[in-house]
Amino acid sequence: ARNVLNTAVAKTASIYQRGRSQLYVYVSVGWKTVMAAGICRVYLLAALVFVAAAVFFVIGALGPQHTWAHHHPVKTCIVENAFRHILDPGTALVDGTECGRVGKPMDLETEPHKQYYPLENILFHVQIPFLDGQILSRKFHFVIADLAIHFDNDFLKIVLQHDMNYVLMEVVLGYRDNHRGPWQRMAQGNITRTLRCHMTEWRYLECEHMQLFELGSVYHPQYLVNVAFPYLPLSSLPQYRGLAPLNKLALYVVHQTMAFTDLWFTLKCVLFPVSLVTLCWLLWRLAGNSSMLNLTHKSLVFMCAALTAYNAPIEMLTLYLNIPWMLVIDDFRQGLLISSLFFFWIVFVGEHTAGDRESGLREELWELLEAAGHHSNSSIFMFVYEFCERGIQQCSHSTVFGATSLWRNMCLLVCGCGHVVGLWSTW
């Protein structure tokens, strides 16, 4: 039995060696034929990259829709003290069932005596998703909720005329992990939103949607929003007391589609090993010629490392873990990749436009990189602004820097300071 086994192993090894040798001969002959035909490896690589880009373009053009928006009706509930349900952590959040127990539901569009209900006794609530039995998938990746408030047209004309176009809201966000379980508080805060309205062709004032909150990950299957208005403009006038200025409230929820998430994860799982193998191969080739390294090689390694980090499918962790700061990581990786591409092309073009001239090349190249670094000061300012906004949103999901004129002016100030510093450094 041992002799038979050894004979079989020897024959198998011999067949493998002959097949390997023949394959090597075929590949060598084929490559020599290609080279003899005058087709350079660079042209083949360029053709391969072009085909890959065309394939990805077709996938993006014919692929699934990126995001989807849903309309959620906001319901009105008359309670004894609306602010106690929002501000008191020991008080249960109000949904459709809780409203029937502690208060009375009301239809805002058909109620004829809205002015007789004070604001402190009115609580608006909306469940996401709004139908019982439906849940949010973790593949939605993010959720952005915009609140649409439809005011009376005469009320808006007076408000805009007297520059009182802002509203105050007390908002609390809750969640639950099963259909019948209690709601858990997630975040709450007092927010101010500015009314930006424009006149339609029918001479009717229509206000833009106001961003209410943003979630960096959709870990829980159901969410609940409670909103109360401590202040509305012109509430001292008899005709605009209580809920008289309000006609309708609606919540628009935007999230990533599941089909796009599946395609996104598939592409990342395919491209990440390719970019990782390319980075390892590049490091292995450069390690053997460490004495011949120049700035182009270093910038190429940096760009390849940034691309590998960007292709890493770490977003799949949100399917199993609650990672609300995933959007911060995505923004950082995208900015790192863009910066690496920017500096690589500066070095690449600078060295190739010089031709065979070596004298003064390094000085000219460093001057160009220094100028690019000075102009990137504005990008650094925007980087700080972006991380400040994302960081604050981790503590308060309803904080939006561009929602009020104060934060919007601060954004413009930061951008202006970045450009001034960049121009001054270059000069």
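In helix H7, the buried residues are Leu 295, Thr 296, Ser 299, Val 301, Met 303, Cys 304, Ala 306, Thr 308 and Asn 311, where buried means under 20% relative accessible area, exposed means over 50% and partly exposed lies in between, with a 1.4 Å probe and protein chains only. This is a predicted model, in which local features need pLDDT of at least 70 and side-chain atom pairs count only at pLDDT 80 or more, while totals for chains, interfaces and linings use all residues. Residues are numbered from 1 along each chain as its sequence is written, and side-chain values use heavy atoms, with hydrogens and water left out. Helices (H or I, at least four residues) and strands (E, at least two) are DSSP runs, numbered from the N terminus.

**Helix H7 and the annotated spans**

- Helix H7 covers residues 295-311, which makes 17 residues, and from its first C-alpha to its last it reaches 24 Å, close to the 24 Å expected at 1.5 Å a residue; the expected span of a helix is 1.5 Å times one less than its number of residues.
- An unreviewed UniProt entry lists residues 42-63, 263-287, 299-323 and 335-354 under "transmembrane region"; UniProt positions are given in the numbering used here, feature names are shortened, and annotations may be inferred rather than shown by experiment.
- For residues 263-287, the end C-alpha atoms lie 36 Å apart, and the span is 100% helix and 0% strand.
- For residues 299-323, the end C-alpha atoms lie 32 Å apart, and the span is 52% helix and 0% strand.

**The six-stranded sheet**

- Six strands form an open sheet in the order E3-E2-E4-E11-E6-E7, with antiparallel pairing; two strands pair if DSSP finds at least two bridges between them.
- Strand E3 (104-106) and strand E7 (184-194) stand at the edges, and because each has a single partner strand, one side of each is left without a neighbour in the sheet.
- Neighbouring strands of this sheet are turned by 30° against each other on average, direction ignored; the axes behind such angles are lines fitted to C-alpha atoms, for helices over the stretch in contact, and angles run from 0 to 180 degrees between N-to-C directions.
- Strand E11 (residues 222-231) is mostly covered, since eight of its 10 residues are buried.
- Strand E4 (residues 122-128) runs antiparallel to E11 and is joined to E11 by five bridges, and Ile 128 stands opposite Tyr 223 in E11.
- Strand E6 (residues 166-176) pairs with E11 in the antiparallel sense over eight bridges, and Arg 176 has Gln 222 in E11 as its bridge partner.
- E6 also pairs with E7 in the antiparallel sense, over 10 bridges, and the bridge partner of Glu 170 in E7 is Asn 190.

- A disulfide is a covalent bond between the sulfur atoms of two cysteines. Here a disulfide is counted when a pair of cysteine sulfur atoms lies within 2.5 Å, and by this rule the count comes to two disulfides.
- Cys 77 and Cys 99 are joined with an S to S distance of 2.1 Å, and their link is right-handed, with 105° about the S-S bond. This pair links distant parts of the chain, 22 residues apart, with Cys 77 in strand E2 (residues 75-78) and Cys 99 in helix H4 (residues 96-102).
- Cys 77 is buried at a relative accessible area of 0%, and Cys 99 is buried at 2%.
- Cys 197 and Cys 207 form a disulfide with their sulfur atoms 2.0 Å apart, and this link is right-handed, with 75° about the S-S bond. The pair is 10 residues apart and links distant parts of the chain, with Cys 197 in strand E8 (residues 197-199) and Cys 207 in strand E9 (residues 205-207). Both Cys 197 and Cys 207 are buried.
- When the bonded cysteines of the chain are numbered in sequence order, the pairing is 1-2, 3-4.
- The cysteine sulfur closest to that of Cys 280 is in Cys 304 and lies 8.8 Å away, so the two are too far apart for a bond.
- Cys 280 counts as partly exposed at 45% relative accessibility, whereas Cys 304 is buried with a relative accessible area of 10%.

- His 85 is found in helix H3 (residues 82-87) and counts as buried at 4% relative accessibility.
- Leaving aside neighbours within four places in sequence, His 85 is in contact (heavy atoms within 4.5 Å) with Val 79, Thr 91, Ala 92, Leu 93, Val 94, Val 102, Leu 123 and Arg 185.
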